[in-house]
Amino acid sequence: MRDHRSREIRSKAAALAACALAVTLIAAGATPAHADDDTERPTAPGPITVVAVDTTWVELTWAASTDNVGVVRYPVGARFEDFGAQYSTDTNSIRITDLRPSRTYTFSVWALDAAGNSSVSNPTLRLTMPPGDDQPPSAPGQPVAYDVAATVVRLRWAHSVENVALDRYEVFRVDAGGTLTRVREVYQYPPVNSAQISGLAPNTTYTFVVQARDEAGHLSPLSAPVTVTTLPPPPTCAVRSVVRQWSDGFVAHLVVENTGTTAIDGWTMTWRFWASQQVHGIWGATVADRVNNSYLRVRNTGRNAAIPPGGTVSLGLVASGTQLPEEVTLNGGLCTVADE
């Protein structure tokens, strides 16, 4: 009985030793292939098909890829115009949410294995989401014109109210007889409520209206119109200056000539003038303001507002600093400057 018991103990010990040896052999050299050794790409996934779709989500599937080791995940892309997002799934189907009604998306899918190898080609699907919007936007607010120049007008308006999502604003010029000519589209998302209209004629009256369009294609009523007259073309001018300068200041006498063919009725002038400089005295004009701390702007007095073609006005100033008047403009037109 004692011998039988001893033999049983020795048999179990031998079995445990054999198992330990097998584990040691596997740990030492019988490991499976590493992912780094895998250079073979998965095959391309099958064509993308739609399982189910609603206004803001879609469920997609495709035939699974094959790989010599195994596919670990499928990145999925969803792109609308210049906007895109990427998703991921470890199966051959996915449900994508937070999409927008009526938008056309391009979906793509590719396969990746554990070594990071990507499938050779990737199927795509172009899908227009069902419409989820049956209401047009409200009319934009009446435009307001600002920064009016000779050939450019900037407009801004209050936003339309939309139940889902605005797509764009369209700005129209109202021509004779009420004909509408589109002059700008504002596409930024969300659409901004302002636009610059360029290429206009100087000293000309224009009327503009704005209309909103939502992502389902519904159009708002037209806004109330705004009428604006562009400024006359900038005058041509010449400036003759007589300057007496000392170490930390100067006195300048300027003679400004209207070299154009149109009379000037009211004027402003600017010239280079640093922030560290100060005006100690001025005649023939009044200081209006400082422009970006780099220019001084002055305007006419009550007695010299009009400058006929070929006519001149005189003004002068006493100032600190060494920056003499240059880069002189008259009503936005750059003047030639000559010293006497």
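First, the basis. This is a predicted model, in which local features need pLDDT of at least 70 and side-chain atom pairs count only at pLDDT 80 or more, while totals for chains, interfaces and linings use all residues. Residues are numbered from 1 along each chain as its sequence is written, and side-chain values use heavy atoms, with hydrogens and water left out.

Let me begin with the disulfide. Taking a disulfide as a pair of cysteine sulfur atoms within 2.5 Å, the count comes to one. Cys237 is joined to Cys335, with an S to S distance of 1.8 Å. The link is left-handed, with -95° about the S-S bond. Cys237 belongs to strand S16 (residues 237-246) and Cys335 to the loop between strand S26 (333-334) and strand S27 (336-339), so the pair ties together parts that are 98 residues apart in sequence. Strands here are DSSP runs of E with at least two residues, numbered from the N terminus. Buried means under 20% relative accessible area (1.4 Å probe, protein chains only). Cys237 is buried at 5%, and Cys335 is buried at 7%.

I turn now to the strands. Two strands pair if DSSP finds at least two bridges between them; strand S10 (residues 153-156) and S13 run antiparallel and are joined by four bridges. Arg154 has Gln196 as its bridge partner in S13.

Finally, the spaces. On a 1 Å grid over the protein atoms alone, a pocket is an open set of points with protein on both sides within 12 Å along at least five of seven lines, a cavity is a set where a 1.4 Å probe fits but cannot get out, and lining residues have an atom within 4 Å of a point. A volume is the space filled by probe spheres set on the points, which are joined across faces, edges and corners.

The largest pocket has a volume of about 540 Å³. Its lining has 22 residues, with Pro232, Pro233, Pro234, Pro235 and Asn331 nearest the centre. Strands S18 (264-265) and S19 (268-272) each supply at least two residues of that lining.

What is the volume of the largest cavity? The largest cavity holds about 30 Å³ of space, and its lining includes Asp133, Glu162, Asp214 and Glu215.

Technical notes
Buried < 20%, exposed > 50% of the residue type's maximum accessible area, 1.4 Å probe, protein only.
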